Amino acid sequence: MQTDPGINVQGKPRVWAWTGASFEPGEAVPATDRGFRYGMSVFESFPVRNGIGIFLNAHLEKLREACQMTGLAAPPGALDECARLLKQSGNGFARIYVTAGDGPVTAACDNCRLLILIEPRDPIPARVYHRGYDLHLHPGIHLPLFAGLKTGNYWSNLIAFREGVAAHCNETLLFSRAGHLISACMANVFIVKDGRVRTPGPGTGARSGVTRAWVQRQVDVEETLFTRAETAGADEIFLTSSWLGIMPAASLAGRPLKDRAVSTRLLEAYRNQVHGKPE
């Protein structure tokens, strides 16, 4: 395993909260917020380069869809002002959260909070992509909430992620109660076998991510179910997320994965598009 996991946070994250008319610097979500108390929140995350959010419009649309599915009402006008705020941020990694706001458990989520957190991060070094990620297979069962959405309930993902790190791996693959592949802890996963590119569908609990959708527009991808045995027999595996982009896998449970034909081609195309035209 490489010692650099690809995340190097430089300095204190900055937080802005929507006040109803504009974004103002903030420090934290109040302890009375149901997003803090019960994990009732959704988010989208993406890199920011020179004040521009990478694929920002697609992420905002995903966030609107997540709010609609969970009954969270994003504050009027807030999402439309995100691009203006990001112009002040330079480079980093942004997360936009919509929380349920204050109120009893049974109350409607019609007074939500919207916060933007930006971490100053160094870009992932090229050597990390060249080396690739070592992947761990989580032995237990993963039960994702709101299949396909990014919510504030990431505890079980982080437990599995830490188990993978303890096993000297960079990421961990998660499986459902039925024994089917879901995703990695903080990324989606694509499997290549005999030249066919496949990925778990959102119905398994996989996140319906923006980078995942970008891959599906570049190559023919089949959404299907994978058993542990089928996953272990992959010729090539790569992960996708807004932070990683396209990350090839170097090994799976200690078995080297030498085939990178698909991920190498996609990584080059992704870099060209992201660096050439952020939106």
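**View 1. F93 and its bridge partner E119 in β6.** In this predicted model, F93 is paired through a bridge with E119 of strand β6. The strand that pairs here with β6 is β5, made up of residues 92-99. Seven bridges connect β5 and β6, and the two strands run antiparallel.

View 2. Strand β1 covers residues 14-18 and is joined to β6 by four bridges. The pairing of β1 with β6 is antiparallel.

**View 3. Strand β6, residues 113-119.** Of the seven residues in β6, five are buried, and the strand is mostly covered. Strand β6 has antiparallel bridges to β1, four in number, and to β5, seven in number.

**View 4. The sulfurs of C112 and C109.** The cysteine sulfur closest to that of C112 belongs to C109, at 5.4 Å. A disulfide requires two cysteine sulfur atoms within 2.5 Å, so the distance of 5.4 Å is too far for a bond. C112 is buried, because its relative accessible area of 9% falls under the 20% cut-off.

View 5. The structure as a whole contains zero disulfides.

Conventions:
Residues numbered from 1 in each chain as written. Predicted model: local features only at pLDDT ≥ 70, side-chain atom pairs only at ≥ 80, totals over all residues. Heavy atoms only, no water. Buried < 20%, exposed > 50% of the residue type's maximum accessible area, 1.4 Å probe, protein only. Pairing = 2+ DSSP bridges.
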